Amino acid sequence: MACVASGMEGEVDTQIKGRYTDYEQLERDASRSLWSYTLGWKERDRKLKRESLMRIMNYVLCQHPELNYYQGFHDICGVCLMVCGERVGAAVAEYVATHHLQHNMLENFDVTMKSLELMFELTRLADPDLHWFLLEASMMPSFAVSWVLTWFSHNLSNTQVVARLFDLFIFNHPLMSVYVSASVLMAMRHPVLQGPCEFTAVYSTLQKLPQDLDMAQLIDCLLYTSPSPRDS
């Protein structure tokens with residue numbers, strides 16, 4: 001991820017005077033962030049990292065008032081912080097917010113929800129039985145919204161896997177997260193199909209991503225089937 005920032009200034013100064021209009025919401029989300037990255041840390045050190053997270057989010061949103069904060073952007077910024085540090089992480093967060101995630105930061109999620117329909121279409125083409133099962137259970141693509149809003153950082157505890165996913169998303173087409181979501185969905189076909197064809201049961205299963213999913217294999221396969229950055 002640091003390579004993205006090196007293509008710009010490399011780092012930014014997050015110490016700005018202004019405050020985002022909904023600063024209190026940023027504080028609430030930051031206060032419950034970074035747990036998986038700070039296991040075993042002293043609370044004092046965790047608090048300092050959360051203060052860095054606040055500065056990153058506030059910097060990005062104040063620099064780009066056309067962007068609207070959404071719950072989940074703090075997860076994105078948290079990964080940028082923990083992998084790249086505050087100043088470089090802020091540059092990376094700014095880049096993805098104004099490029100790959102820009103459609104998530106509009107006044108509503110209409111574009112985001114529309115893009116998730118592609119996940120079901122890809123599933124229909126690659127695994128018709130799973131697609132039929134999901135429709136019979138009245139499942140809608142919205143169950144995967146946290147996957148694309150947070151680039152799986154809210155759903156996976158393996159920080160190395162999350163960091164690799166971020167690299168994949170940053171250097172590829174903005175729809176890559178949807179392709180990965182379709183791949184993850186199909187990788188979960190067995191636990192889904194083994195349960196009742198009923199909304200609550202299927203939804204519950206899909207909200208519990210197996211932490212032992214071979215994301216590396218899924219990523220390698222996707223590189224041959226997903227859109228190129230040149231197609232954007």
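**The cysteines and their surroundings**

Guide: A search of the whole structure, which is a predicted model, turns up 0 disulfides. Cys77 is in no disulfide, and the nearest cysteine sulfur, that of Cys80, is 6.1 Å away. A disulfide would need the two sulfur atoms within 2.5 Å. Cys77 counts as buried because its relative accessibility is 0%. For Cys84, the closest cysteine sulfur is again in Cys80, at 6.2 Å, so the gap is too far for a bond. Cys84 also counts as buried, because its relative accessibility is 16%.

Helix H4 covers residues 73–84, and His74 lies in it. With a relative accessibility of 10%, His74 counts as buried. Leaving out residues up to four places away in sequence, His74 touches Asp29, Ser33, Leu53, Met57 and Tyr69. One of these, Leu53, is 21 residues from His74 along the chain, yet their C-alpha atoms are separated by 7.6 Å. A polar atom of the His74 side chain also lies 3.2 Å from the backbone nitrogen of Gly72.

The aromatic rings come next. Tyr69, Tyr70, Phe73 and Phe109 form one aromatic cluster. In the chain, the count of aromatic pairs comes to 9. Among them is the pair of Tyr70 and Phe109, which is edge-to-face, with 6.0 Å from centre to centre and 80 degrees between the planes. Tyr70 lies in the loop between helix H3 (43–63) and H4, and Phe109 in the loop between helix H5 (86–98) and helix H6 (110–126), so the pair ties together parts that are 39 residues apart in sequence. Tyr70 is buried, with a relative accessible area of 4%, whereas Phe109 is partly exposed, at 31%.

Finally, the setting of this part. The secondary structure of the chain comes to 13 helices and 0 strands. Of the 232 residues in the chain, 50% are buried. Among contacts between residues at least 6 apart in sequence, 76% join residues at least 24 apart. The chain exposes about 11600 Å², and carbon and sulfur atoms supply 52% of that area.

Notes. Residues numbered from 1 in each chain as written. Predicted model: local features only at pLDDT ≥ 70, side-chain atom pairs only at ≥ 80, totals over all residues. Heavy atoms only, no water. Buried < 20%, exposed > 50% of the residue type's maximum accessible area, 1.4 Å probe, protein only. Helix = DSSP H or I, 4+ residues; strand = E, 2+ residues; numbered from the N terminus. Contact = heavy atoms within 4.5 Å. Polar contact = N/O pair within 3.5 Å; in protein donor to acceptor, adjacent residues only side chain to side chain. Areas by Shrake-Rupley, 256 points an atom, 1.4 Å probe, with all protein chains shown as cover. Phe/Tyr/Trp six-rings, centres within 6.5 Å; stacked < 30°, edge-to-face > 60°.
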